[in-house]
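Reader: I would like to learn how to read a few features of a model. Please take them one at a time, with the general idea before the case.

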Amino acid sequence: MKLLIATTLLSAAAAFSPARTSTPLRSVTSLDASKCGDFDFDVIIVGCGVGGHGAALHSRAQDLTTAIFSGQDVGGTCVNRGCVPSKALLAASGRVREMRDSAHLSEFGIEVEGEVKYDRAGVAGHAKQLANKVKGNLEGSLVALGVDIVDGRGVLTGSAHEVKDESSGKVYTAKDIILAPGSIPFVPPGVTVDEKTVYTSDGALELNSVPEWVAIVGSGYIGLEFSDVYTALGSEVTFIEALPNIMPTFDREIAKLAERLLIRERPIDYRTGVFASEVTPGIPGEKPVTIKMIDANTKEHVETLEVDACMVATGRVPNTQNMGLEDSGIETQRGFVAVDEKMRVLSKHEDGEVIPNVWCIGDANGKMMLAHAASAQGISAIENIVGREHAVNHDAIPAACFTHPEIAMVGPTEEQAIERAEKEGWTLGKSQGSFRANSKALAELEGNGMAKVLYNKDTGKVVAVHIIGIHAADLIQECSNAVAAGTTVQELSMMVHTHPTLCEVLDEAFKGAVGMSAH
């Protein structure tokens with residue numbers, strides 16, 4: 001095993017280095033220097049996505065000797081096949097959409113002569129380069145802080161405190177083990193994926209083609225973002241949604257406005273209440289993709305579509321198969337690992353017992369399948385490992401959909417908040433702010449959108465905020481902090497917001513909640 005001295009230069013080099021063998025990358029912490037007594041490490045983390053990375057950084061900050069099993073996938077889904085490269089595609093395609101919108105540009109007094117073109121390979125290359133850069137940065141930070149990186153996939157052996165490198169067969173021991181295996185795309189029965197004409201988000205991010213007509217199965221975050229990319233680059237899109245409403249997981253008021261801004265004004269149509277019961281790949285330029293649809297209730301055939309490509313965006317499932325959970329007395333439910341509020345693994349979902357010294361974070365526990373939630377859970381697990389009790393407040397974790405305009409939220413939907421208020425016996429309040437009255441939004445010619453603040457009338461505390469509009473993903477953080485801190489609308493209404501900025505949309509909503517007016 002090598003001892004490597006980490007420098008900032010490792011960050012860039014790691015992004016383009018060839019794959020290493022299954023020999024662990026030794027950092028500034030060696031087994032000989034370990035302070036963990038009878039174990040090789042204080043903490044072993046299985047999985048090196050954003051959650052595992054966050055846990056590893058915090059573990060080293062507590063001076064715990066730490067190893068992480070990367071499975072040759074440093075950065076995990078978010079960095080390599082998810083959040084990060086998709087933002088690059090959205091940024092590039094968004095520029096194309098903006099530069100092709102001559103009517104919008106003319107209002108600024110701008111005229112673009114000639115056709116606005118893009119290079120598909122160049123756009124795809126931008127996404128790949130970004131993913132590699134961020135991956136390198138993550139790996140460099142682990143090495144710099146003394147985290148030992150094991151390239152193989154980690155699996156439990158069935159014996160306490162043990163993790164085996166699936167590639168080499170070598171067994172490592174640790175006082176505490178954190179499971180962070182992440183998730184993989186869910187492909188429904190009857191759907192054949194070739195990652196060429198029928199593909200998941202993994203294949204879509206490669207942007208191997210820009211189909212003339214693409215069907216997207218599922219209208220959640222992933223499907224919406226890719227509809228934004230495809231239509232900006234010239235595609236027509238058809239959503240196929242099994243539930244009665246398009247964008248079913250979003251707040252209904254926000255979803256209705258999003259339908260007007262993101263669907264009706266674009267070359268997009270949709271089918272709701274239907275399953276894509278059978279999807280057969282085609283041959284590019286020769287044979288179309290065939291999609292047979294059945295009614296979600298009666299299961300009767302209702303329509304067959306022939307399209308150029310089909311993206312399957314039907315959610316994700318835990319990547320927990322074949323990692324020795326059953327041998328360790330851990331029962332899963334649809335692949336999800338049961339945990340308590342401290343992220344301790346339970347033997348089963350109903351009346352399960354705590355499995356000592358085993359923790360699970362991120363998508364694998366199903367509490368909130370977001371990269372930053374996984375990181376928060378990883379930090380929380382380490383806090384509990386070192387004896388400082390901590391529980392993540394998932395109601396205060398924001399989420400965002402990076403369409404143009406963006407959608408962002410924290411806390412329950414209005415429908416869920418109404419149910420919660422009735423059940424818990426408090427009164428729900430609601431106040432709104434408009435982008436249409438915001439000077440900065442109007443200067444950008446982006447007046448479409450709203451912010452909705454839901455609060456407890458009895459206490460004044462913010463319960464949830466939903467935003468659709470320019471830079472909503474950035475605006476939501478103020479609201480997340482308010483939920484986390486238990487800040488009241490009375491307090492928020494008296495806080496000064498910079499003028500002229502987009503955050504004054506929130507100021508309008510906060511002031512409206514207490515009967516004040518915003519200029």
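Reader: What is the mean pLDDT of the protein?

Author: This is a predicted model, and its mean pLDDT is 93. A value of 70 or more is reached by 93% of the residues.

Reader: Where does pLDDT stay under 50?

Author: The general idea is a caution: where pLDDT is low, the predicted coordinates should not be read in detail. In this model the stretch is residues 1–34, where pLDDT stays under 50. The model has 64 contacts beyond four places in sequence for residues 1–34.

Reader: Now the pockets. How much space lies in the second largest pocket?

Author: In general, rolling a probe the size of a water molecule over the atoms shows where empty space is left. Here the second largest pocket holds about 1000 Å³ of space.

Reader: Which residues lie nearest the centre of the second largest pocket?

Author: They are Arg97, Arg266, His404, Pro405 and Glu446, out of 31 residues that line this pocket. By class, the lining has 10 nonpolar, 10 polar and 11 charged residues.

Reader: Which helix gives the largest share of that lining?

Author: The largest share comes from α4, with 8 residues. Both α4 (83–100) and α8 (221–232) supply at least two residues each.

Reader: What kind of peptide bond joins His404 and Pro405?

Author: Omega is the angle to read. The bond between His404 and Pro405 is cis, with omega about 5°. Pro405 sits in the loop between β21 (399–401) and β22 (406–410), and both His404 and Pro405 are among the residues nearest the centre of the second largest pocket. Another cis peptide bond runs from His499 to Pro500, with omega near -5°. Pro500 is in the loop between α14 (489–493) and α15 (504–513).

Reader: Is Asn322 buried or exposed?

Author: Exposure is read from the relative accessible area, with over 50% counting as exposed. Asn322 has 64%, so it is exposed.

Reader: And what is phi of Asp351?

Author: Phi of Asp351 is near 55°, a positive value in a residue other than glycine. Asp351 lies in the loop between β19 (344–346) and β20 (354–360). Its relative accessible area is 72%, so Asp351 is exposed.

How values were computed:
Residues are numbered from 1 along each chain as its sequence is written. This is a predicted model: local features need pLDDT of at least 70, side-chain atom pairs count only at pLDDT 80 or more; totals for chains, interfaces and linings use all residues. Side-chain values use heavy atoms; hydrogens and water are left out. On a 1 Å grid over the protein atoms alone, a cavity is a set of points where a 1.4 Å probe fits but cannot get out, and a pocket is an open set with protein on both sides within 12 Å along at least five of seven lines; lining residues have an atom within 4 Å of a point. Grid points are joined across faces, edges and corners, and a volume is the space filled by probe spheres set on the points. Helices (H or I, at least four residues) and strands (E, at least two) are DSSP runs, numbered from the N terminus. Ala, Val, Leu, Ile, Met, Phe, Trp, Tyr, Cys and Pro count as nonpolar, Asp, Glu, Lys and Arg as charged, and the others, Gly among them, as polar. Buried means under 20% relative accessible area, exposed over 50%, partly exposed in between (1.4 Å probe, protein chains only). pLDDT is the predictor's confidence in each residue, from 0 to 100. Contact means heavy atoms within 4.5 Å.
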